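Subject: Structure handover, salt bridges

Hi,

My notes on its charged side-chain pairs follow below.

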Amino acid sequence: MARISLQPRRTPLVRIGEWYARRRYGKVLDPLKAAGHHRGVLLATGALEAGVAHWKTLDPGLQQLAVMASAVRIGCSWCVDFGYWEGTRHGAGAQQLRHVPVWREHRQLYTALEIEVMEYAEAMTETEPAVTDAMAQSLVAQLGERAFVELTALVAVENMRSRTNAALGLVGQGFSDRCEIPPLPRPTA
């Protein structure tokens, strides 16, 4: 349950954001509603997300696996729900996305590079980042510096999203219900 009201004052900026979200996603996103309480946060978040949408160096499937691995590690149910739906829309494998919460038990579904990307995303997501020189060197060698920087920034952005949404108490909005193959339930700790 959200820890704040998801009914911000309906300013022109909030109404524009709602219109855009309905047009793009079919409904108004709860993180947008929460950010609507603070004009500066709403503007900055919107600008950041618009910029991230133009990052195209890293393979889209790797992008989605990195985002999902980070969201699962943090435990943001909203991000997992939305990320699964968004990933399947952008061509990421539904079975792969479905198994991200338990990917170590299903390594056969992933390439060596995909596993390295998820390991890196998880290492970056730790409260004290656990990224090693060997991880970075291997990914730079396989992806190139430009895509590696994009991967790193993408995981950092997802950390911000997931930590914000989890702290605000946002939960799934039913995006994954619209997918052909639903995600697996998250494992309990």
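Arg73, Arg104, Glu122 and Glu126 form a linked network of salt bridges. Bear in mind that the model is predicted. Over the whole structure, the search gives nine salt bridges.

**Arg73 and Glu122.** Their side chains meet in a salt bridge, 3.5 Å from N to O. Glu122 sits in helix 7 (residues 112–125) and Arg73 in helix 4 (residues 60–74), so this pair ties together parts 49 residues apart in sequence. Buried or exposed: which is Glu122? Glu122 is buried, because its relative accessibility is 7% and the cut-off for buried is under 20%. Arg73 has a relative accessible area of 42%, so Arg73 counts as partly exposed.

**Arg73 and Glu126.** Arg73 also has a salt bridge to Glu126, with the closest N and O atoms 2.7 Å apart. This pair links distant parts of the chain too: Arg73 is in helix 4, while Glu126 is in the loop between helix 7 and helix 8 (133–143), 53 residues apart. Glu126 is partly exposed, at 30% relative accessibility.

**Glu119 and Arg107.** These side chains meet in a salt bridge at 3.9 Å, N to O. Glu119 belongs to helix 7, and Arg107 to the loop between helix 6 (94–98) and helix 7; the two are twelve residues apart. Glu119 is partly exposed, with a relative accessible area of 28%. Arg107 is partly exposed as well, at 39% relative accessibility.

Best wishes

Technical notes. Residues are numbered from 1 along each chain as its sequence is written. This is a predicted model: local features need pLDDT of at least 70, side-chain atom pairs count only at pLDDT 80 or more; totals for chains, interfaces and linings use all residues. Side-chain values use heavy atoms; hydrogens and water are left out. A salt bridge is a side-chain nitrogen of Lys or Arg within 4 Å of a carboxyl oxygen of Asp or Glu. Helices (H or I, at least four residues) and strands (E, at least two) are DSSP runs, numbered from the N terminus. Buried means under 20% relative accessible area, exposed over 50%, partly exposed in between (1.4 Å probe, protein chains only).
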